[in-house]
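Please read it beside the model.

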Amino acid sequence: MNCYYHQERAAVAQCGKCGKGLCQECIDKTEYTFDEKAMCRDCNRQTIDFLLEDDKKEKNKLIIKSAIILVCLIIGLTIYLSTQDAFTAIVICGIGGIPTAWKLTKRSDREKALDDIDDRLSDDGGLFNMLIRGIIRVVLVVAFGAVAAPILLIINTVRFFKLKKEIERLEQQSINFSY
Ligand SMILES: [Zn+2]
Ligand SMILES: [Zn+2]
């Protein structure tokens, strides 16, 4: 078998994914592997395009999330500056941080199991306890949301620039495999 891309050269291996014959130069140029084997140009480009699409989706999600956080922070601050209503301001500032705060206050399965045992032992109103826990969690989430929002904004910005660089790198790679 000869190299799929260099018909005059003998193939020394096959693409790990699609089985096309590859010469040494093609093997040396591979950027990604499949099953620890070198891949052909087409399979390399497919992999790159897949990664690119993934990164672009994440970048778009990041932009939307950050825009929501930013708008909430601006509205919250504007309310505080014009009405001095700190409570409303904190609640609105925290809206963008609520999904993260919600996840962070989630109890582990172990804690839940221990609580269930407690409930059975004490035999008092389990429903009442659940209600109290629910209220405490909502209060925590709202308060923590306001703290989480600006931190998230910073984390998202750093991630955004990392993704932007990664996308540029992948786009260059994609060009390199398009000849
Ligand atoms: Zn291939
Ligand atoms: Zn070749």
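## Asp 116

Asp 116 sits in helix 5, which spans residues 109–122. Helices here are DSSP runs of H or I with at least four residues, numbered from the N terminus. Asp 116 is exposed because 11 other C-beta atoms lie within 10 Å. The cut-offs are 12 or fewer such atoms for exposed, 20 or more for buried, and partly exposed in between, with C-beta atoms placed from the backbone.

Leu 163 is 47 residues from Asp 116 along the chain, and their C-alpha atoms are separated by 43 Å.

## Basis of the model

This is a predicted model; local features need pLDDT of at least 70, side-chain atom pairs count only at pLDDT 80 or more, and totals for chains, interfaces and linings use all residues. Residues are numbered from 1 along each chain as its sequence is written, while chains are lettered from A and ligands numbered from 1 in the order in which they are written.

## Ile 154

Ile 154 belongs to helix 6, residues 126–176. Ile 154 is exposed, since 10 other C-beta atoms fall within 10 Å. Ser 66 is 88 residues away along the chain, yet the C-alpha atoms of Ile 154 and Ser 66 are separated by 9.2 Å.

## Helix 3 against helix 6

Which residues of helix 3 meet helix 6? Ile 90, Val 91, Cys 93 and Gly 94 do, and their partners in helix 6 are Val 142, Gly 145, Ala 146 and Ala 149. Contact means C-beta atoms, placed from the backbone, within 7 Å. The contact residues divide into six nonpolar, two polar and no charged. Ala, Val, Leu, Ile, Met, Phe, Trp, Tyr, Cys and Pro count as nonpolar, Asp, Glu, Lys and Arg as charged, and the others, Gly among them, as polar.

Key:
Helix = DSSP H or I, 4+ residues; strand = E, 2+ residues; numbered from the N terminus. Contact = placed C-beta atoms within 7 Å.
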